[in-house]
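Subject: Structure handover

Hello,

Here is the structure to look at, with notes on what was found below it. Please keep it open while reading.

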Amino acid sequence: MTDAAPILIVEDNTINMRLFSDLLVALGYTVCKAEDAEQALKLLEDIRPGAIIMDIQLPGMSGVECTQTIRLDPDLANVPIIAVTAFAMAGDEARFLKAGCDDYLSKPISVPVFLETVARHYRLDEA
């Protein structure tokens, strides 16, 4: 999959970033990393990912705000965004989906569910 579209991981926690990245790379995905929303938006000026793993609790701009910003860009509007957060409360999943996320995972993640969710949403044609 080296010529395929990368997966952008937006995650400020280094342990979670390493876990997500290692799992995806082990399966042959190419990964790009951003530690906050601003860095992610800057990267998206140059790449068209096949999917985005979006932490919701980010420093500065939240993952929800970042998702809404991404959805305003016609070139990125169809890139699948998978929200991940440790602070899930009643109604959060609906809020994330309404903001433009395509799916939602709670932390700590279930590795099989994480990998199945990424595989289901990943789009080769975004490269």
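Predicted model: local features only at pLDDT ≥ 70, side-chain atom pairs only at ≥ 80, totals over all residues.

Residues are numbered from 1 along each chain as its sequence is written, and side-chain values use heavy atoms, with hydrogens and water left out.

Helix α1 itself covers residues 14–26. Helices (H or I, at least four residues) and strands (E, at least two) are DSSP runs, numbered from the N terminus. With 13 residues, α1 reaches 18 Å from its first C-alpha to its last, close to the 18 Å expected at 1.5 Å a residue; the expected span is 1.5 Å times one less than the number of residues. At the N-terminal end, asparagine 13 caps α1, with a side-chain oxygen 2.9 Å from the backbone nitrogen of isoleucine 15.

Asn16, Met17, Phe20, Ser21, Leu23 and Leu24 are the buried residues of α1. Because they cover an arc of only 165° around the axis, they sit on the same side of α1. The arc is that of the directions from the helix axis to the C-beta atoms. Buried means under 20% relative accessible area, exposed over 50% and partly exposed in between (1.4 Å probe, protein chains only). The face of α1 turned away from the buried side carries the exposed residues Thr14, Ile15, Arg18 and Ala26. The cover over the buried residues of α1 includes β1 (7–10), β2 (31–34), β3 (51–55), β4 (81–85) and α5 (111–121).

Helix α4 (residues 92–99) has Asp92, Phe96 and Ala99 buried. Down the axis of α4 its buried residues fall within an arc of 65°, so they line one face of the helix. Exposed Ala94 and Lys98 are on the face turned away from the buried side of α4. Among the elements covering the buried residues of α4 are α3 (63–71), β4 and β5 (103–106). Glycine 100 follows α4 and has a positive phi, near 120°.

A nonpolar core is a set of buried Ala, Val, Leu, Ile, Met, Phe, Trp, Tyr and Cys residues joined through side-chain atoms within 4.5 Å. The largest one has 23 residues, of which Leu8, Val10, Leu44, Ile52, Met54, Ile70 and Phe96 touch the most other members. At least two residues of this core come from each of β1, β2, α2 (37–43), β3, α3, β4 and α4. The largest share, 3 residues, is that of α3. Apart from this core lies another, of 19 residues, including Leu24, Ile82, Ile109 and Phe114.

Rings of Phe, Tyr and Trp (its six-membered ring) pair if their centres lie within 6.5 Å; planes under 30 degrees apart count as stacked, over 60 as edge-to-face and the rest as tilted. By this rule there are 3 aromatic pairs. Phenylalanine 20 and phenylalanine 114 have ring centres 5.0 Å apart and planes at 20°, so this pair is stacked. Since phenylalanine 20 lies in α1 and phenylalanine 114 in α5, the pair ties together parts that are 94 residues apart in sequence. Phenylalanine 96 and tyrosine 104 form a tilted pair, 5.3 Å centre to centre with 35° between the planes, and both are buried.

Regards

Terms used
Contact = heavy atoms within 4.5 Å. Polar contact = N/O pair within 3.5 Å; in protein donor to acceptor, adjacent residues only side chain to side chain.
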